[in-house]
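User: I'm new to this one. Can you walk me through it?
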Amino acid sequence: MSQLQQISVLGATGSIGLSTLDVIARHPERYQVFALSGFSRLLELENLCLRFHPRFAVVPTAAVAIELQGALQAGGLTTRVLVGEAGLCEVAAHPEVNAVMAAIVGAAGLKPTLAAVEAGKKVLLANKEALVMSGALFMQAVRKSGAVLLPIDSEHNAIFQCLPGDYGRGLSQVGVRRILLTASGGPFRQTPLEQLQAVTPEQACAHPNWSMGRKISVDSASMMNKGLELIEACWLFDAKPAQIEVLIHPQSVIHSLVDYVDGSVLAQLGNPDMRTPISHALAWPERIDSGVAPLDLFAIARLDFQAPDEARFPCLRLARDAADAGGSAPALLNAANEVAVQAFLQRRIRFPEIASVIAEVLNLVPTIAVESLDGVLQADAQARQLAEQWLLRHGR
Ligand code: NAD
Ligand code: MG
């Protein structure tokens, strides 16, 4: 490669952001950090700036920006500190940027991720909520700008690797019968159902195989993560919800599979470490070292599979229904889930009530077609308001 690739890392202080920087640091001859963003843990952001010397840093408020700008100047850096969503969109779409790691969690990542897409960047998509909320518009923007969209979610990255290069012709055209989306089942896969009433945020965040941010950890415990991923897969691979089957695979070694009409089933395997999909997407179509240990199948010895139990994981059914309904339903589902997960993390609701909040919001709001970003944001705001009303009504 002749030139250094300039990378903006949105959500640099998070789990995916830090794994991305770990991979980048292994390949200084290929990648240079162009911009880093953080929302909390700002001391961590300052340290990352001192280590990677980005052209830009992005923080949530002007007051924080002044503080960080001063600290970086004192450290001899020329990094410019930008503020808020406008700053994020600027570093996502900057003409000198080659690739954007979209690793902000939740709806907050929507506009910056779309800005990267509209600017025709190579977009490494971890922020699944952005695609879930705005699927049709998002994919339309990808086609219009010619952006290269590469999935970071380990399952979708696996599916991408198991599909032929021309899968964009249509799954049936390339002989795909169905996609098998694997799920670990999370920390509560075997917890007696009556005990789910009393589980704590700490227990929900103690994922057996993956170390992740708190929001996605709770989503994994409720399997809403798999529901969001089902919707994500429909958009990424132009699949119908019925073409995607979820299967629980507790070891998280197979990251997903593609089942072809001739009976061949292709899978991608690896240790559960996000640096593998991150490296794959960063270097695609080449391969680079990720720092991940080689897979030791003798140590793993066995791989298990089971069907998900919808009584245990009602969020999975809610997400599949939203996927079938289309239109504004996935944006409503996502926003209600974000409010409910936050309330659970704040100990305001019990774990099974996450599904109750989402179900009520989806029951109250009829699904409508969404034709604009405003439509998506309206659905998002409406769902948040109704979810907050649920909390108020139940005295939380
Ligand atoms: P995290 O909580 O560890 O990090 C989130 C990042 O987003 C942080 O840098 C934080 O400062 C920033 N952020 C939070 N709120 C923000 C806001 N309002 N505005 C701007 N920035 C904000 O989360 P994570 O585990 O790294 O996950 C990031 C995304 O990647 C999520 O969408 C998640 O679903 C997806 N993902 C994560 C993993 C994983 O293994 N962690 C795997 C697959 C997909
Ligand atoms: Mg995943």
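Analyst: Phe-34 and Phe-56 are both buried, where buried means under 20% relative accessible area, exposed over 50% and partly exposed in between, with a 1.4 Å probe and protein chains only. This is a predicted model, where local features need pLDDT of at least 70, side-chain atom pairs count only at pLDDT 80 or more, and totals for chains, interfaces and linings use all residues. Residues are numbered from 1 along each chain as its sequence is written, chains are lettered from A and ligands numbered from 1 in the order in which they are written, and side-chain values use heavy atoms, with hydrogens and water left out.

User: How are the rings of Phe-34 and Phe-56 placed?
Analyst: They form a tilted aromatic pair, 5.6 Å centre to centre with 50° between the planes. Rings of Phe, Tyr and Trp (its six-membered ring) pair if their centres lie within 6.5 Å; planes under 30 degrees apart count as stacked, over 60 as edge-to-face and the rest as tilted.

User: What does the pair tie together?
Analyst: Phe-34 is in strand 2 (residues 31-37) and Phe-56 in strand 3 (residues 56-59), so the pair ties together parts 22 residues apart in sequence. Strands (E, at least two residues) and helices (H or I, at least four) are DSSP runs, numbered from the N terminus.

User: How many aromatic pairs are there in the whole structure?
Analyst: A search finds six. One of the ring pairs is Phe-160 with Tyr-167, which is edge-to-face because the planes are at 85°, with the centres 6.1 Å apart.

User: Switching to the metal. Which residues are the protein donors of the magnesium ion (ligand 2)?
Analyst: Asp-153 (OD), Glu-155 (OE) and Glu-229 (OE), lying 2.1 Å from the ion. Donors are N, O and S atoms within 2.8 Å of the metal (3.2 Å for Na, K and Ca); water is not among the atoms, so sites may look incomplete.

User: What spacing do the donors follow along the chain?
Analyst: The spacing is D-x1-E-x73-E. Asp-153, in the loop between strand 7 and helix 7, and Glu-229, in helix 10, are 76 residues apart.

User: Asp-153 and Glu-229: buried or exposed?
Analyst: Asp-153 counts as buried because its relative accessibility is 7%. Glu-229 also counts as buried, at 1%.
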